[in-house]
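Please take a moment with the sequence and the model before reading on. The paragraphs that follow go through the structure one part at a time.

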Amino acid sequence: MERHIQAPMSKETAGELRAGDYVYITGTIYTARDAAHKRMQEALEQGEPLPFDMSGNIIYYMGPSPAREGRPIGSAGPTTASRMDKYAPALLDMGLSGMIGKGRRSDAVKEAVVRNGAVYFAAVGGAGALLSRSVTAAEVIAYEDLGTEAVRRLEVKDFPAIVVMDPEGSDLYETAIEAYRSE
Amino acid sequence: MKGYYGQMRTIDVADVTRHIGEMCIEANHFLTADMAEAMETAAESERAPLGKQILCQLQDNLKIAGEDRIPICQDTGMAVIFMEIGQDVHFVGGSLEAAVNEGVRQGYTEGYLRKSVVADPLIRENTKDNTPAVIHYEMTEGDRLRITVAPKGFGSENMSRIFMLKPADGMEGVKNAILTAVKDAGPNACPPMVVGVGIGGTFEKCALLAKKALTRPVNERSAIPYVRELEEEMLERINRTGIGPGGLGGTTTALAVNINTYPTHIAGLPVAVNICCHVNRHAVRIL
């Protein structure tokens, strides 16, 4: 099913999404990948605030290439989500409503997705030039010294993604390949 | 040694720097003709509707990358560089290694490419210019320098494997190793993939064979008859796994399986599987 959704994303909207849905996301999302997640984890351990409120927000696992003059961002496709598996459950428990990345997640993430009524989306890996067209503005809001790994606030318009894990616990990576398997 | 130096061809390392800088930018914006053709064919032949949609998006992505000068993928890789140096070449003008890294620095800085290299694997501070490159030197006959720049993304690099098989594992063992690596990689390696395989040699030699296999055109099969058959059989079997484009189901999981072999020890059968995503980039120039 094709749907247009807003970001931040309410748990009500998340609850309506099902694995296999093709969505277009419009609104505000945040980027964070390996190094930023490590810093956020350290901030939590020391009781310091995070760069943005997790509640209802979507994190895009992405580190862009540099923007050319006059453009908001460079190439901007998803990175492998499993590297953030260690950190994701705590953020989901703080209200994070969605994650955009690519590739399989751990059982602990899947359980946290179900427990919190959140969603894991896949964007097409290796389509960074195409996906950059859905980003209308980008601003570094934390950890600037991390370069491409800094936390950025992105404004996106009709950003294309596919629901891989839904709040009911379905995993499209497990179900979709069965239809075309002929071993 | 009379007349020996008269037969040497001189190459200024400044030329090496300039070419490598240009090649880093070229490889990150344009696929080679064989890869572009394989991607186009895949978009036509894929049977899964979602898989076909993804492959068509990747066609659009390639077009936008070239026209708007945006890297095909934001992971513009760690620069892997093969330097095949004719034994009659004499380099002048400074350190060759420094010249190669200067080319990478210029290409990644001037070409708006992402800086993805950390100076130490555990301390992890970004070098901010994507250096150093991983450089492989090889001596060849003649007086030419053949440079291959192959930026390697780590979504797929992380899913690569080495198997130290026993001779008794034989052909079946090799086939199982390749299928295991591909299935474990699944959606993480951005399929459709190109699968580079090295069989034989030693622990490090088979890894290098696999890496170099990824630079062979995807429409070119091995000259060794049994290897050619193995490449064709493995491609067919990989495409029957159902993994498909983006790992979301389909009939196109790999575009090619390129296998290189080398003599090995009586006690061993090393197999390396180096997986590359559909952005299997390289630029080649001969100086």
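**A walk through the model**

In this predicted model, the C-alpha centres of domain 1 of chain B and domain 2 of chain B lie 26 Å apart. The two domains come from a domain assignment, which gives residues 5–29 together with 72–152 to domain 1 of chain B and residues 154–280 to domain 2 of chain B. Where these domains touch, the contact takes 9 residues from domain 1 of chain B and 9 residues from domain 2 of chain B. On the side of domain 1 of chain B, the elements that give two or more residues to this contact are β2 and β5 (145–152) of chain B, and the largest share, 3 residues, comes from β5(B). Sorted by class, that side of domain 1 of chain B has 5 nonpolar, 2 polar and 2 charged residues.

Chain B as a whole can be described next. Chain B contains 8 helices and 10 strands, and its C-alpha atoms fill a box of roughly 60 × 50 × 40 Å, taken along the principal axes. A compact globule of 287 residues would have a radius of gyration near 19 Å, and the 20 Å of chain B agrees with this. Buried residues make up 49% of the 287 residues in chain B. Among the contacts in chain B with a separation of 6 or more, 80% are between residues 24 or more positions apart.

Just after α4(B), B:Tyr112 takes a positive phi of about 55°.

The other helix is α7 (residues 203–213) of chain B, where the buried residues include B:Cys206, B:Ala207, B:Leu209 and B:Ala210, and also B:Lys211 and B:Lys212. What covers the buried residues of α7(B) includes β2, β6 (161–165), β7 (193–201), β8 (254–264) and β9 (269–276) of chain B.

The contact between the chains comes next. It takes 42 residues from chain B and 39 residues from chain A, and on the side of chain B, helix α3 (residues 49–68) gives the most, with 8 residues. By class, this side of chain B has 17 nonpolar, 18 polar and 7 charged residues.

A:Leu50 is found in the loop between α2 (34–45) and β3 (58–60) of chain A. Is A:Leu50 buried or exposed, or does it fall in between? A:Leu50 has 17 other C-beta atoms within 10 Å, so it is partly exposed. Leaving aside its neighbours within four places in sequence, A:Leu50 is in contact with A:Met40 and A:Ala43. A:Leu50 and A:Tyr30 are 20 residues apart in sequence, and they lie 12 Å apart in space, C-alpha to C-alpha.

How values were computed. Residues numbered from 1 in each chain as written. Chains lettered and ligands numbered in written order. Predicted model: local features only at pLDDT ≥ 70, side-chain atom pairs only at ≥ 80, totals over all residues. Helix = DSSP H or I, 4+ residues; strand = E, 2+ residues; numbered from the N terminus. Contact = placed C-beta atoms within 7 Å. Nonpolar A, V, L, I, M, F, W, Y, C, P; charged D, E, K, R; others polar. Rg over C-alpha atoms; globule rule 2.2 N^0.38 Å. Buried ≥ 20, exposed ≤ 12 C-beta atoms within 10 Å, placed from the backbone. Domains from an automatic or database assignment.
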